[in-house]
Amino acid sequence: MSSASPMSAVAPVLRVAQLVPRTEAEGPGLRFAVWVQGCPLRCPGCCNPEMFAAERGTVTTAEALAAQVLATPGIEGLSVLGGEPFAQTGPVAELCERVRAAGLSVMVFSGYTLAELRAQGRPDVERLLATLDLLVDGRYEKDLPEQQRRWIGSSNQVMHFLSPRYAPEDPTFTAPNTAEVHLVEGRVIINGWPALANRLRP
């Protein structure tokens, strides 16, 4: 009988909701942003409720998506949002490992707090955390919009600097928040700070 865990036996396949290959609204510098499909937390007022259902989205492999990220010129890093990245921990970890090994930075937005993630005691969670330069954690609270810090949706959420690559005193992290409109493969995508992005939606 094999001693392999269910996670290790599963191919690193990702279910993706949307991609924006070049954005400045989802972390420092010019970034490739990946929104994963599926979220068990379903925060009230979430600006991406269409990403709650785990069975929707497009299926791809971590390897193929990493290749797409690394083929995008001029980007500083990868940002993974959702949905909930830690609902697909193993495949997201492989994606982030491949991207970071090539020298790009990695940022993840999670509705779970860092304490909640570490309390799970799961190797796949620790594997993903080990790939991160930045983690924004905590449930989105629509009645607590963040007014001062950049790239953070609500004031209860925390930006964790998990590597020396970025520093909290960098003025980039307190610059004004932004939202963007992109046309990606014939589809209009609005992304960025929730309070601004929601104003741009019809």
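Helices here are DSSP runs of H or I with at least four residues, strands are runs of E with at least two, and both are numbered from the N terminus. On that basis the protein has 6 helices and 9 strands.

A word on where this comes from. This is a predicted model, so local features need pLDDT of at least 70, side-chain atom pairs count only at pLDDT 80 or more, and totals for chains, interfaces and linings use all residues. Residues are numbered from 1 along each chain as its sequence is written, and side-chain values use heavy atoms, with hydrogens and water left out.

**Overall picture**

Of the 202 residues, 50% count as buried (under 20% relative accessible area; exposed is over 50%, partly exposed in between, with a 1.4 Å probe and protein chains only). The protein exposes about 9600 Å², and carbon and sulfur atoms supply 56% of that (Shrake-Rupley areas with a 1.4 Å probe; for residues, only the protein chains shown count as cover). Looking at contacts (heavy atoms within 4.5 Å) with a separation of 6 or more, 65% come from residues 24 or more positions apart.

**The cores**

A nonpolar core is a set of buried Ala, Val, Leu, Ile, Met, Phe, Trp, Tyr and Cys residues joined through side-chain atoms within 4.5 Å. The largest one has 31 residues, and Leu78, Phe86 and Leu95 have the most contacts inside it. Elements giving two or more residues to this core include β1 (13-23), β4 (77-81) and α3 (89-101). Helix α3 gives the most, with 5 residues. Skipping neighbours within four places in sequence, Leu95 is in contact with Leu14, Ala62, Leu65, Ala66, Leu78 and Val80. There's also a second, separate core of 17 residues, with Met107, Tyr166, Phe173 and Val184 among them.

**Two residues side by side**

Leaving out residues up to four places away in sequence, Pro28 touches Glu76, Met107, Leu134, Trp151, Tyr166, Thr172 and Phe173. The C-alpha atoms of Pro28 and Gly77 are 8.2 Å apart, though 49 residues separate the two along the chain.

Leu183, together with Val181 and Val188, makes a nonpolar surface patch of about 320 Å². Patches take residues with over 30% relative accessible area and no salt bridge, joining like charges within 9 Å and nonpolar side chains (Val, Leu, Ile, Met, Phe, Trp, Tyr) within 5 Å. A salt bridge is a side-chain nitrogen of Lys or Arg within 4 Å of a carboxyl oxygen of Asp or Glu.
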